[in-house]
Amino acid sequence: MSFVAEFNSLPLDALVKKSLATSSATAREALGKSKLALADFAALISPAAGELLETMGRKSHSMTRQRFGKAIRLFAPLYLSNECVNNCSYCGFSRDNPILRVTLSIEEILREAQELKSQGFRNILLVAGEHPKFVSNNYLRDSIAALHADWPSVSLEVGPMETEEYRALVAAGADGLVVYQETYDRKVYAEMHTAGPKRNFDWRLETPERAYAAGFRRLGIAALFGLSDWRYEALSVAAHAEYLLRHCWKSVVTIALPRLRPCAGEFEPLTHITDRELAQLICAFRLMFPDVGIVLSTREEPRLRDGLLPLGVTMMSAGARTEPGGYTGAGREKIHHTERGIIKEIAATSSEWAPQQNRPTNATGQFNIGDERTPQEVAELIRRLGYEPVWKDWDAALTT
Ligand code: SF4
């Protein structure tokens with residue numbers, strides 16, 4: 001049975017209600033268990049468990065230390081293209097946003113990657129909008145193949161594909177796939193995705209399973225917090241992770257906790273999760289899934305990232321740019337608008353060409369980041385907190 005069938009039969013609304021009505025005694029009981037079911041997870045994300053955050057934090061911290069030691073794995077996103085055929089209301093790259101777009105050539109990708117390598121990274125996440133014309137499967141395959149020799153770990157965050165299409169990317173050297181469901185609330189999903197193939201909720205939900213069948217050995221999932229009720233989303237992510245751990249057991253599963261950030265289009269979050277609730281959620285995921293990787297991105301502000309790190313986080317991005325060419329300015333000469341898949345050059349006199357202050361390129365980013373510190377500053381902070389920054393996540397050579 002695919003996760004879609006299992007998901008459709010989950011009593012999510014009832015679990016949210018149960019969570020909100022959880023008593024302090026039930027929350028304590030869930031916190032004391034060594035193996036948790038989804039109902040216990042609901043208790044751990046309850047307002048009542050929020051009162052026990054210090055105890056949850058201590059348990060989550062020591063469990064993470066036991067399973068992952070002091071390692072905090074660092075990675076960097078490399079944006080290949082901000083072209084997209086989808087309209088996602090909350091994303092700067094949405095098809096109808098009149099933003100400055102570009103797709104990097106292989107040479108330009110290598111330039112960006114070289115810069116990241118010089119900063120210390122050996123673990124890279126290739127990100128692109130979904131656009132079959134500009135971001136074709138062959139383009140992705142060639143990009144991965146060009147990077148493979150130099151990068152022990154290459155992950156992808158691109159438009160969902162068929163299993164056979166994924167196989168070609170695994171063969172080229174990709175080992176991880178990240179796909180956020182964005183929201184697990186079908187109604188909100190339909191409202192947020194107004195055009196493009198992403199409108200198909202079930203197709204997206206089954207993506208990690210297709211990726212696993214194709215040979216990806218690291219699967220990343222998440223909900224984007226700010227679209228629907230956070231407890232509903234968290235319960236869905238937990239159910240999804242639980243399914244993947246059962247059915248895709250040869251893969252490492254990671255959970256990210258992205259919160260909506262300001263972006264082009266100026267979408268306002270529909271719901272809110274507080275910093276304290278985010279901390280509680282990290283602990284709840286750790287207590288439910290002792291071996292799952294927990295990812296914290298540069299969407300969050302430095303102070304909060306520093307505070308959340310010891311609670312259960314195992315992976316962080318650092319120094320991230322969310323625009324193609326953001327590290328070196330690669331591709332800046334060919335920035336354009338795109339209308340219905342056709343490139344429209346921008347008048348040379350346009351003020352949009354004017355270089356941005358302290359930015360190597362004018363291409364529009366997906367969202368504004370919250371932590372502008374350099375990778376070295378983040379690594380130093382990790383050391384100060386008693387952890388070890390690890391730049392390399394996975395080496396395929398070790399498995400052969
Ligand atoms: S979220 Fe992804 S699919 Fe949607 S507009 Fe942004 S890049 Fe495109």
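Colleague: What percentage of the 400 residues in the chain is made up of buried residues?

Modeller: Keep in mind that this is a predicted model. Buried residues account for 60% of the 400 in the chain, where buried means under 20% relative accessible area.

Colleague: How do you know that the radius of gyration agrees with a compact globule?

Modeller: A compact globule of 400 residues would have a value near 21 Å, and the chain has 20 Å, so the two agree. The C-alpha trace spans about 65 × 45 × 40 Å along its principal axes.

Colleague: What makes a set of residues a nonpolar core?

Modeller: Its members are buried residues of the nonpolar kinds listed for cores, joined through side-chain atoms within 4.5 Å. The largest such core has 107 residues, and Phe41, Leu281 and Phe285 touch the most other members. Helix α13 (residues 230–247) gives the largest share of this core, 10 residues. A second, separate core has 24 residues, including Ile99, Val178, Cys263 and Val295.

Colleague: Which residues does Phe41 touch, leaving out those up to four places away in sequence?

Modeller: Among them are Leu36, Ala234, Leu235, Leu281 and Phe285.

Colleague: Why are 4 residues of the shell around the ligand called nonpolar?

Modeller: The residues around the ligand are Cys84, Asn86, Cys88, Cys91, Phe93, Ser94, Gly129, Lys198 and Gln366. Cys and Phe count as nonpolar, so Cys84, Cys88, Cys91 and Phe93 fall in that class. The shell also holds 4 polar residues and 1 charged; Lys counts as charged, so Lys198 is the charged one.

Notes. Residues numbered from 1 in each chain as written. Predicted model: local features only at pLDDT ≥ 70, side-chain atom pairs only at ≥ 80, totals over all residues. Heavy atoms only, no water. Near = heavy atom within 4 Å. Buried < 20%, exposed > 50% of the residue type's maximum accessible area, 1.4 Å probe, protein only. Helix = DSSP H or I, 4+ residues; strand = E, 2+ residues; numbered from the N terminus. Contact = heavy atoms within 4.5 Å. Rg over C-alpha atoms; globule rule 2.2 N^0.38 Å.
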